[in-house]
Amino acid sequence: MKILVTGGTGYIGSTVCYALIDNGHIPVILDKNDRSDFTFDKIFYQGDISDKELLKKIITEHPDIDFTIHLAAMTVVPDSVKDPSEYYTENVTKSIALFTNLKEFGYHKIVYSSSASIYDDPIDLVVTEESPLNPRSPYARTKYMTEMILEDFCYAYGLRGMSLRYFNPIGADPKMRTGATIKFPSHLLGKLLKSVSEEGEVFKITGTNWPTKDGTGIRDYIHIWDLAMAHVKAVENFENAFELSDEPQKPYLVLNIGKGEGITVKEFISIFENVYGKIIDKIETEPRLGDVAGAFANVEKVNKLLNWSASLSIEEGVKDAMNWNEQRNNN
């Protein structure tokens, strides 16, 4: 199949493109950013997702596009707090334009990149797709709003949409073709990599009194390649997923994309140290403003509807991230 991938040069997007290619599909990339090291041998259009004339050009040249995987978005939570206007414009307003233009041109199947950050704090630390929602940052609210918009478009205009709520991706393409474009991302693994790369850097464990097995925050970490493969399964099993759902007549689906395991900060650090081969310097501090205990995914629904489950370990994710950083530093 030929698949339009918005945001296809980013960390997740570029990995999704390789997963599609490895499984016999052809990504058509639309992104305002050009990573020439990645796009040189692929179908690539540089531009804005809301540009109607550009989208018309793409579908004129590739009328056999079967799906749109919509990944393009701004994603840094603190930046969204500092400049919410930009985030609402880029993530919400331009998504509306994209969905509207796809509808007009007759391209009705959309897989949307959403986020587990829209969930409320669960009492038992695990969330299903039906768990209460409570997006608490402008970034999270843009994801929630765009989900609602896509759902409304599906019911009103004959689209069919699938929102994938990502948990915490880590690692890099195991073949080292692509990985994090930011040297040290703001998530836990990025901070650990930073702590061992800079002399005198001490890793801070922020919060040790959460209601978890060891008092530290808990998250669901999923290898980026597993996450990418979920998109392959989403387009390959799209029709089947709706037929197998509890309400097959509905044109919109939501699926959690995680490993389905809760890993605490201390557990993750222990895994990191085992892969790294050394004990890192660390201290325990108070929680940061806005920190929460965390959660992990119930993945029964995606296992059933997409015939997908995460197979790569946290250790493999840490190792691949380390190898990717080393490769970047040597280039």
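Which residues line the largest cavity?

## Basis of the model

The structure is a predicted model, in which local features need pLDDT of at least 70 and side-chain atom pairs count only at pLDDT 80 or more, while totals for chains, interfaces and linings use all residues. Residues are numbered from 1 along each chain as its sequence is written, and side-chain values use heavy atoms, with hydrogens and water left out.

## The largest cavity

The lining of the largest cavity consists of Tyr11, Ile170, Gly171, Ala180, Pro185, His187, Leu189, Gly190, Leu193, Ala321, Trp324 and Asn325. A cavity here is a set of points, on a 1 Å grid over the protein atoms alone, where a 1.4 Å probe fits but cannot get out; lining residues have an atom within 4 Å of a point. The count comes to 1 cavity of 30 Å³ or more. The space in the largest cavity is about 90 Å³, a volume being the space filled by probe spheres set on the points, which are joined across faces, edges and corners.

Helices α7 (188-197) and α12 (314-330) each supply at least two residues of this lining; helices are DSSP runs of H or I with at least four residues, and strands are runs of E with at least two, numbered from the N terminus. The lining divides into 8 nonpolar, 4 polar and no charged residues. In this division Ala, Val, Leu, Ile, Met, Phe, Trp, Tyr, Cys and Pro count as nonpolar, Asp, Glu, Lys and Arg as charged, and the others, Gly among them, as polar.

## Helix α3

In helix α3 (residues 52-61), the buried residues are Leu54, Leu55, Ile58 and Ile59. Seen down the axis of α3, these buried residues fall within an arc of 130 degrees, so they line one face of the helix; the arc is that of the directions from the helix axis to the C-beta atoms. Buried means under 20% relative accessible area, exposed over 50%, and partly exposed in between (1.4 Å probe, protein chains only).

The face turned away from the buried side of α3 carries the exposed residues Glu53 and Thr60. At the start of α3, a side-chain oxygen of Asp51 comes to within 3.1 Å of the backbone nitrogen of Glu53.

## Two residues with positive phi

Most residues other than glycine have a negative phi. Leu125, in the loop between β5 (109-115) and β6 (126-127), has a positive phi near 70 degrees. Leu125 is buried, with a relative accessible area of 11%.

Asn307, in the loop between α11 (300-306) and α12, has a positive phi near 55 degrees. Asn307 is exposed, with a relative accessible area of 59%.

Note on methods: 1 Å grid on protein atoms, 1.4 Å probe; cavity = no way out; pocket = protein on both sides within 12 Å on 5 of 7 lines; lining within 4 Å. Polar contact = N/O pair within 3.5 Å; in protein donor to acceptor, adjacent residues only side chain to side chain.
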